Amino acid sequence: MREVPAAAGRCGPEVPVKTLRAVPAGKIVAESTFGCWVNLLDKGGTRGDGPYRMSVDYDSTLWRKALHKAFPNSGGKRTTVFTTASHVRSLRNRAAHHEPLIGGVPLPGQSDRRGRTRRLTLPEAHSEVLRLVEYIDQDVAAWLGQTSRVPDLLSSRP
């Protein structure tokens with residue numbers, strides 16, 4: 001959970017990172033990265049470094065108690081939401097870092113049968129974005145699907 005102190009640190013120099021109680025919750029939420037939120041959907045495992053290293057179980061402590069309510073249309077499976085959110089994070093990071101998208105979106109840690117990094121095509125990546133939104137709100141996902149220009153742009157590219 002290195003992200004929480006890092007987010008608190010971005011809240012401003014007037015807030016000591018070690019005094020997380022002094023940081024308004026809204027600021028921590030606003031300063032947390034998309035990757036931080038996606039990581040909270042993971043199953044857990046060993047997190048942290050040095051004296052802060054500990055075993056965490058996000059499935060029991062976060063997903064089953066609360067996070068599943070944020071994704072009412074997901075079928076209740078944390079792994080499904082985590083996988084989709086991870087794919088969206090890969091797309092977001094690729095675009096935000098101005099990296100090429102034409103060859104698809106590489107999925108870190110995933111390989112095809114030939115040992116090459118697995119990639120999502122751009123239509124697949126667009127579908128993953130809509131799927132993640134649908135897990136949260138089906139009406140918003142339907143509206144996005146109807147108004148998105150992405151399919152038209154992809155079909156007209158050289």
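## Basis and fold

Helices (H or I, at least four residues) and strands (E, at least two) are DSSP runs, numbered from the N terminus. The model is predicted: local features need pLDDT of at least 70, side-chain atom pairs count only at pLDDT 80 or more, and totals for chains, interfaces and linings use all residues. Residues are numbered from 1 along each chain as its sequence is written, and side-chain values use heavy atoms, with hydrogens and water left out.

The protein has eight helices and four strands, in the order α-α-α-β-β-α-α-β-β-α-α-α along the sequence. Of its 158 residues, 30% are buried; buried means under 20% relative accessible area, exposed over 50%, and partly exposed in between (1.4 Å probe, protein chains only).

## Helix H6

The buried residues of H6 are Leu 122, Ala 125, His 126, Glu 128, Leu 130, Leu 132 and Tyr 135. Their cover includes helices H3, H5, H7 and H8 and strands E3 and E4, where contact means heavy atoms within 4.5 Å.

## Salt bridges

A salt bridge is a side-chain nitrogen of Lys or Arg within 4 Å of a carboxyl oxygen of Asp or Glu. The count comes to five. Glu 128 is buried at 8% relative accessibility, whereas Arg 131 is partly exposed at 33%.

Arg 64 and Asp 59 form another, with their closest N and O atoms 2.7 Å apart. Arg 64 is exposed at 56%, while Asp 59 is buried at 14%. Both belong to a salt-bridge network that also links Arg 78. Arg 94 pairs with Glu 99 at 2.9 Å; Arg 94 is buried at 15% and Glu 99 partly exposed at 36%.

The whole structure holds one aromatic pair. Ring centres of Trp 63 and Phe 71 are 6.1 Å apart and their planes meet at 25°, so the pair is stacked; pairing needs centres within 6.5 Å, and planes under 30 degrees apart count as stacked, over 60 as edge-to-face and the rest as tilted. Both residues are buried.

Val 29, in helix H2 (residues 25-31), is partly exposed at 47%.

Technical notes. Rings of Phe, Tyr and Trp (its six-membered ring) pair if their centres lie within 6.5 Å; planes under 30 degrees apart count as stacked, over 60 as edge-to-face and the rest as tilted.
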